[in-house]
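Please have a look at the sequence and the structure first.

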Amino acid sequence: MLYFAYGSNLCVEQMRRRCPGALYLRPARLVDHRLSFSGNTETWGGGGCATVAFAPGEVVFGAIFSMTDDCWDQLDHYEGVPWLYERSVRHVVCSEREVVRTTTYVRPADPPTPPSERYVRHILSAYERLGFDPSPLLPYL
């Protein structure tokens with residue numbers, strides 16, 4: 001099964017620690033969605049956690065990982081399924097001719113919460129390594 005990562009899990013090293021069996025495959029885009037932050041994460045010093053929300057015309061940059069069953073169990077535990085996040089199927093664009101069915105994590109529709117600068121900088125470093133447009137993250141710095 002394929003996983004679409006869009007937040008701090010874009011960091012390949014972080015994914016290796018959380019899910020040693022996960023394999024980074026390639027970048028992808030989730031069309032008609034926007035990156036959003038809600039809830040609170042103590043992991044990154046407080047502030048909102050990344051999620052995706054339906055937004056026509058917008059795009060969320062991310063990466064596809066191949067996952068084992070053990071990976072899903074480990075990541076479900078880390079992401080707080082089913083209390084903080086739930087798994088959700090999304091189709092992502094890999095190229096002009098390739099759309100792939102993936103599973104990702106989505107938070108319930110909570111009020112927006114600004115993320116910590118530390119969290120945004122972590123995600124931004126992955127954006128830079130993957131060659132993504134940083135503009136969706138810049139308002140949070």
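Let me begin with Glu 117 and Arg 121, which both lie in helix 3 (residues 117–130), four residues apart, or about one turn of the helix; helices here are DSSP runs of H or I with at least four residues, strands are runs of E with at least two, and both are numbered from the N terminus. This is a predicted model, in which local features need pLDDT of at least 70 and side-chain atom pairs count only at pLDDT 80 or more, while totals for chains, interfaces and linings use all residues. Residues are numbered from 1 along each chain as its sequence is written, and side-chain values use heavy atoms, with hydrogens and water left out.

Glu 117 and Arg 121 form a salt bridge, with their closest N and O atoms 2.8 Å apart; the term means a side-chain nitrogen of Lys or Arg within 4 Å of a carboxyl oxygen of Asp or Glu. Glu 117, at 42% relative accessibility, is partly exposed, and so is Arg 121 at 44%, where buried means under 20% relative accessible area, exposed over 50%, and partly exposed in between (1.4 Å probe, protein chains only).

By this rule, how many salt bridges are there? The count is six, and one of them joins Asp 76 and Arg 87 at 2.7 Å, N to O. Asp 76 belongs to helix 2 (residues 69–79) and Arg 87 to strand 4 (residues 86–95), so this pair ties together parts 11 residues apart in sequence. Asp 76 is buried at 15%, whereas Arg 87 is partly exposed at 33%.
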